[in-house]
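Reader: I'd like to learn how to read a structure like this one. Can you walk me through it?

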Amino acid sequence: MLFDRHSPTMLGVCRRYVKNYEEAEDVMVEGFYKVLTKIEMYSGEGSFEGWIRRIMINESLMQLRKANHFKYTEEINPNLDVRYNPTIIEELAASEIIGLLDDLPPGYRTVFNLYVVEGYKHREIAEELGISINTSKSQLILAKKRMEKLVAKKLKIVKNEW
């Protein structure tokens, strides 16, 4: 019953980090195994779904570490004046944005998800992924720039189809 109730949402969480659908399913199943075998560790503080989500994120990150996706991360000079002007794109559905995330390199996608979607701080991301805080920041900047280009390209295609 627990699996049936939470698996659709948790598969979505795993899918944001792990590009391959079948791999994301495997990560989710491993996550639920941990949930069920360590359920006594849930302290009752915070939401139960949030506790499960945290396990799924950790399992996804472990899978990415196993695949060694973080060995090619880029670090930019923190003294550079890099500006990003965010825009809200209402024409794209959430599923299309998830699809665009798949086009990001694993390091970009992971940092983007942890920072933008999950609300982690750069220090927490650096600790989780074993990278420097500056690398986390640069990955986020580069991910946002790449997403901006992907969104612009997608919108151009969508508008041309009208």
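Predicted model: local features only at pLDDT ≥ 70, side-chain atom pairs only at ≥ 80, totals over all residues.

Reader: How many helices and strands does the chain have?

Author: Helices (H or I, at least four residues) and strands (E, at least two) are DSSP runs, numbered from the N terminus. Here you get seven helices and zero strands.

Reader: What percentage of the 162 residues is buried?

Author: Buried means under 20% relative accessible area, exposed means over 50%, and partly exposed is in between (1.4 Å probe, protein chains only). In this chain, buried residues make up 36% of the 162.

Reader: And how many salt bridges does the structure hold?

Author: The general idea first: side chains of opposite charge can pair when their charged atoms come close. For a salt bridge, a side-chain nitrogen of Lys or Arg has to sit within 4 Å of a carboxyl oxygen of Asp or Glu. This structure holds seven of them. One joins the side chains of Arg15 and Asp102, at 2.6 Å from N to O. Arg15 is in helix α1 (residues 2-17), while Asp102 is in the loop between α4 (94-101) and α5 (106-117), so the pair links distant parts of the chain, 87 residues apart. Both Arg15 and Asp102 are buried.

Reader: Which residue does Glu59 meet in a salt bridge?

Author: That's Lys34, again at 2.6 Å, N to O. Glu59 lies in helix α3 (residues 48-66) and Lys34 in helix α2 (residues 21-37), so this pair ties together parts 25 residues apart in sequence. Glu59 counts as buried at 8% relative accessibility, whereas Lys34, at 27%, counts as partly exposed.

Reader: Where do Glu128 and Arg65 lie?

Author: Their side chains meet in a salt bridge at 3.7 Å, N to O. Glu128 lies in helix α6 (residues 122-129) and Arg65 in helix α3, so the pair ties together parts 63 residues apart in sequence. Arg65 is partly exposed, with a relative accessible area of 32%.

Reader: Which residues are linked in a network of salt bridges?

Author: Arg16, Glu49, Arg53 and Glu118 are linked that way.

Technical notes:
Residues numbered from 1 in each chain as written. Heavy atoms only, no water.
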